[in-house]
Amino acid sequence: MKVKRFVAQDMRQAIRMVRETLGADAVILSNKTIDGGVELMAAVDLEQTPPTETLDQRIDPGARAAPRPRRETRSASPAAPATADALAEMRREMQELRRLMQTELSELSWRDLGQRRPVTRELLRRLIGMGLAADLARGLAERIGEASDPELGWRKALYLLAGELRPFENELLDRGGVAALVGPTGVGKTTTIAKLAARFALRHGHRHVALVTVDNYRIGARDQLHTYGRILNVPVRTAATAVELDSVLDALTDRQLVLIDTAGMGVNNERFAEQLAVLNESRHAIVRLLALSATTEPQALDRAAALFGTLTPDACVLTKLDEAASLGGVLSTVVRHGLALAFITDGQRVPEDLQVARAHPLVNRAAELAEQQAVEPDTDYLAFAYAGARAHAQL
């Protein structure tokens, strides 16, 4: 373990010295107030243990000069080799010590923010409480700065967040086209296709709509699509390969809108590549819409967006908004992956519970939902989230 003593005029400068000298993996061993500033003892885990050193950046000319590093006295005889169990135990202890010190550093950083910029900290608390990712929340707060009016700062943050949501410019429900819905299992792709088909049929007539499924794995989903086809009085076709899909689409050129249902799969599914090939190898221009459920946890949303990003989706459809306790996670995923917003669904009714996605109403809905839930973020979580966002911003 490499240990250093840091002396500075304030905690902010001392923490910066720790990060610049020892890196992001450094842990704080102790801290205390001294004449003219603060003192931190920090360490980083290294294979060899160098001597303890002191860095003093106080500008007080009367401050005591930092002592020179002491040389270590090494034993003439080599130490006996440590056993594997002893090394493993030592590593576990170091990891636990690092975790404890990172907790302390996070809390120090969060308290320091509250002292320097209380309005900014309150804004961060509300944004993270909304379910937004910490890095996105911090970016919005930094763009606003230390506002004099907390409510004005909050409204500005929501306005900036809406500006991060890109609208989908395609006029699918007005002019038609060929579109495929892709996404994980259980996000409501088949029901969303029925809503889109019904909405288009109401405007232009059922003779201008057709449905296609390339989902040859889920019998229930295929049967559900055929049921919707009978209700809407539109044809339903099946294709298993890109060649079959092209043949089906060639036969449906008289239909203004053709909607393609796909199998919901994860990265570990061996048939995932087959599903991608059906769409990627088709010679027809197919609009790809990625369906993301607002009820999915943020980590799973990010994995889905990254996985189906290989299809280069043109836009996304946010589903199950009526079932979600928070919209911050799905909005964070949309922003992080640069997805355009096409539609939202918020119920089971066909076609009523489908709307064109609009950024400002969607952000306002997310804020209202956060107020209704009235869940106060844990202080420790806020400290960790803020510290993690700072580290991410400094990379």
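User: Which residues of H5 and H13 meet each other?
Analyst: This is a predicted model. On the H5 side the residues are Trp 154, Leu 158, Tyr 159, Leu 161 and Ala 162. They meet Ala 359, His 360, Val 363 and Ala 367 of H13.

User: How many nonpolar, polar and charged residues is that?
Analyst: The contact of H5 with H13 has eight nonpolar residues, one polar and no charged ones.

User: And the geometry? At what angle do the axes of H5 and H13 cross?
Analyst: Roughly 130°, with the axes coming within 9 Å. H13 covers residues 359–373. That angle makes H5 oblique to H13.

User: Is that crossing left-handed or right-handed?
Analyst: The crossing of H5 and H13 is right-handed.

User: What about H3 against H5, how do those axes run?
Analyst: H3 spans residues 118–129 and H5 spans 150–163; their axes come within 10 Å and cross at roughly 45°. H3 is therefore oblique to H5. The crossing of H3 and H5 is right-handed.

User: Which residues make that contact?
Analyst: From H3, Val 119, Leu 123, Arg 126 and Leu 127. From H5, Pro 150, Glu 151, Gly 153, Trp 154 and Ala 157. Trp 154 is listed in the contact with H3 and also in the contact with H13.

User: By class, what does the H3 and H5 contact have?
Analyst: Six nonpolar, one polar and two charged residues.

User: Switching to charges. How many salt bridges does the structure hold?
Analyst: There are 13. One of them joins the side chains of Glu 39 and Arg 5, at 2.8 Å from N to O.

User: Why does that pair tie together separate parts of the chain?
Analyst: Because Glu 39 is in strand S3 (residues 37–44) and Arg 5 is in strand S1 (residues 2–8), parts that are 34 residues apart in sequence.

User: Buried or exposed, those two?
Analyst: Glu 39 is buried, with a relative accessible area of 9%. Arg 5 is buried too, at 18%, and the cut-off for buried is under 20%.

User: What does Arg 283 pair with?
Analyst: Asp 246, with the closest N and O atoms 3.8 Å apart.

User: Arg 349, then. Which residue is its partner?
Analyst: Asp 353, with the closest N and O atoms 2.8 Å apart. Arg 349 counts as exposed at 51% relative accessibility, while Asp 353 is buried at 7%.

User: Last topic, Thr 333. Where does it lie?
Analyst: In helix H12, residues 328–336. Thr 333 is buried, with a relative accessible area of 1%.

User: What does Thr 333 touch, leaving out residues up to four places away in sequence?
Analyst: Leu 292, Pro 298, Leu 301, Asp 302 and Ala 305. Asp 302 also belongs to the salt-bridge network with Asp 135 and Arg 336.

Notes. Residues numbered from 1 in each chain as written. Predicted model: local features only at pLDDT ≥ 70, side-chain atom pairs only at ≥ 80, totals over all residues. Heavy atoms only, no water. Axes fitted to C-alpha atoms, helices over the stretch in contact; angles between N-to-C directions. Helix = DSSP H or I, 4+ residues; strand = E, 2+ residues; numbered from the N terminus. Parallel < 35°, antiparallel > 145°, perpendicular 65-115°, else oblique. Left-handed = near helix turned anticlockwise from the far one by under 90°. Contact = heavy atoms within 4.5 Å. Nonpolar A, V, L, I, M, F, W, Y, C, P; charged D, E, K, R; others polar. Salt bridge = Lys/Arg side-chain N within 4 Å of Asp/Glu carboxyl O. Buried < 20%, exposed > 50% of the residue type's maximum accessible area, 1.4 Å probe, protein only.
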